[in-house]
Amino acid sequence: MISGNPYLVAAYAVTWIIHVTYLTTIVRRYSRLKREMKEAGLRS
Amino acid sequence: MSTPTGITRVTLLKDLRLEWRSKDAINSMLFFSLLVVVVFSFSFDPSAEESRQIAGGLVWVAFLFAAVVALNQTWAREIRNQVLDAYRVSPAPANSLFAAKALGNFIFVSVLEALMTPLFIVFYRLRSLGPAWQLLLVAAFGTWALVVNGTFFAAMSLRTRSREIMLPLLLFPISIPALLAMVQATTAILNGEGARFWIVLLGTYDLVFTTVCLLLFETVLNAE
Amino acid sequence: MRNDGTVAAESFNHREHWETQGKTSNAQRNDERSMKKAFPILGVLTAILLMYALYEALVGAPTEQTMGNVQRIFYYHVPSAWTAFILFFINFGASIFYLIKRNPAADIVALVCAEVGVVFCTVVLITGPIWARPVWGIWWTWDMRLTSTLVLWLIYVSYLFLRRFSSSGETPLLAAALAVLGALCVPFVYFSIWFFRTQHPQPVMGGGGSIDPRMLHVLLINWLAFSCFAFLVCWSRYRLEKLQREVDEAHAMESLLDPRGSVRR
């Protein structure tokens, strides 16, 4: 079904690449923030 | 004198008088406008027939450049002399200040356009197949659309980093429907076709955005 | 803590501060815990829904007559567009609410919806040309939907730039004002492009006219799946932003209390 069509595959792949990239930035910022909080909490 | 329109008139006259006395801004803007027209003429060198098709777009892009440069320094003088803080604490309504600024910019940009237009006509051998008075109407509505939003966004950009790039960055996307209308209307009139839809669209756009900018300016002025 | 409620710099206990941040009552604490538990469950459900929707789009839906299998891009392209429009509309609502009530949560909602909306809008703008190329042989056309989406994308990207470039004190107000102007621009965008298109006809993407009910069914399933997905993404982004602001606030307080920049016990 999807085999013959590179455009179809590309479209679906690009969609998920975009979404996963955005989610990755959220997760990375979140873990960096948590780390910052831990360091600040430990310093005192 | 303390009525809103009175304040607007006084502020506007003050701005015009300052501009006239300082002549620096005017002269540099005039020369810049001339440069824009010449550069465009080198870049796009069409035959007389083709030029009628693309002149609408070219002219308005040139006007847009000139408007952005003019708008960028619209609040510069106020910041230099901390006038904005004085306005914030005065009982004068904020939108009078906005109206005065917008009107002043409108006059200024219109002067620039009036100077650039003959040059364009000469360089592109333009001749309008439609009624020329409609072109004036499009110019007025179009310029006001750019200026009213531009003055508002210039005020917004004041305390942002990269102030000069913020203004066009904010102005261009929102101006797209108005720009499309201006360009299409001008091209249609030059080619002797009807432009009523575009003129009505521009007029409505002007009405809506002038109202909203007047309503929101107080918020922007007093932010933080 | 001193009698007037202020805290002396030396006694500012960071660990205590983080632990009590935002948790003022038992009820609130329980609410947050149940919300945090709901998130993974909803996540799994949404993932299942998305996989089912993908299957339907690739296998379940009937093949289109003229375009063939490429038409299946439609099941991702259109729901992304609808989701983006809904998110931008929520941004408009939240911005107005902020202008009236100055509610900080509304400001975060506005920011989150604009960001996630831009992400979905980007998907629309990329899948559109990928669809157009095999079907019409061109990458771009000043088609109504695609052009309007482009202008919308530009407006909300400029909104995100304003948010990034303005100093934090006044950003919410300025951004809310810009959002209102941007949203009011949308009808003009549609009208101007509609008329432009009637004067300069272009190929219409997405096909006008009626749609096969089975295709509509698959379309709606994908839309539901992506809406749930968008909701979860917004929720995560909201939590991140809220936490970020609390951290920034704590940093600001810390530098106020101890101008030397180091924390002493």
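Me: How many residues of chain B and of chain C take part in their contact?
Reply: The model is a predicted one, in which local features need pLDDT of at least 70, side-chain atom pairs count only at pLDDT 80 or more, and totals for chains, interfaces and linings use all residues. Residues are numbered from 1 along each chain as its sequence is written, while chains are lettered from A and ligands numbered from 1 in the order in which they are written. Two residues are in contact if their C-beta atoms, placed from the backbone, lie within 7 Å. The contact takes in 25 residues of chain B and 27 residues of chain C.

Me: Which element of chain B gives the most residues to the side that touches chain C?
Reply: Helices (H or I, at least four residues) and strands (E, at least two) are DSSP runs, numbered from the N terminus. Two elements of chain B give two or more residues to this side: helix 8 (163–190) and helix 9 (196–222). The most, 10 residues, come from helix 8 of chain B.

Me: What is the make-up by class of the side of chain B that touches chain C?
Reply: Ala, Val, Leu, Ile, Met, Phe, Trp, Tyr, Cys and Pro count as nonpolar, Asp, Glu, Lys and Arg as charged, and the others, Gly among them, as polar. On that basis the side of chain B that touches chain C has 18 nonpolar, 4 polar and 3 charged residues.

Me: How many helices and strands are there in chain C, and what share of its residues is buried?
Reply: Chain C has 7 helices and 0 strands. A residue is buried if 20 or more other C-beta atoms lie within 10 Å of its own, exposed if 12 or fewer, and partly exposed in between, with C-beta atoms placed from the backbone. Of the 265 residues in chain C, the buried share is 34%.

Me: What is the arrangement of helix 3 of chain C and helix 7 of chain C, parallel or oblique?
Reply: Axes are lines fitted to C-alpha atoms, for helices over the stretch in contact, and angles run from 0 to 180 degrees between N-to-C directions. Helix 3 (residues 74–101) and helix 7 (residues 213–257) of chain C pack at about 45°, with their axes 9 Å apart. Angles under 35 degrees count as roughly parallel, over 145 as roughly antiparallel, 65 to 115 as roughly perpendicular and the rest as oblique. The angle therefore makes helix 3 of chain C, relative to helix 7 of chain C, oblique.

Me: Which classes of residue make up the contact of helix 3 of chain C with helix 7 of chain C?
Reply: Residues of helix 3 of chain C in this contact include C:Trp82 and C:Leu87, and those of helix 7 of chain C include C:Trp223 and C:Phe226. By class, the contact has 11 nonpolar, 4 polar and no charged residues.

Me: How many charged residues are in the contact of helix 4 of chain C with helix 7 of chain C?
Reply: Helix 4 (residues 104–136) of chain C packs with helix 7 of chain C at an angle of about 135°, their axes 9 Å apart. The two are therefore oblique to each other. Among the residues that meet are C:Glu115 in helix 4 of chain C and C:Arg237, C:Glu241 and C:Lys242 in helix 7 of chain C. The contact has 10 nonpolar residues, no polar ones, and a charged count of 4.

Me: Is C:Leu87 buried or exposed?
Reply: C:Leu87 lies in helix 3 of chain C. Leaving aside neighbours within four places in sequence, C:Leu87 is in contact with C:Cys113, C:Val116, C:Gly117, C:Phe120 and C:Ala230. Because C:Leu87 has 26 C-beta neighbours inside 10 Å, it counts as buried.

Me: Is B:Val39 buried or exposed?
Reply: B:Val39 is in helix 2 (residues 24–43) of chain B. With 12 other C-beta atoms within 10 Å, B:Val39 is exposed.

Me: How many residues of helix 7 of chain B are buried?
Reply: Helix 7 of chain B covers residues 132–157, and its end C-alpha atoms are 37 Å apart, in agreement with the 38 Å that its 26 residues should span at 1.5 Å a residue. The expected span is 1.5 Å times one less than the number of residues. Helix 7 of chain B is mostly covered, and of its 26 residues the buried ones number 19.

Me: Where does B:Arg125 lie?
Reply: Phi of B:Arg125 is near 50°, a positive value in a residue other than glycine. With 14 C-beta neighbours inside 10 Å, B:Arg125 counts as partly exposed. Its place is the loop between helix 6 (94–124) and helix 7 of chain B.
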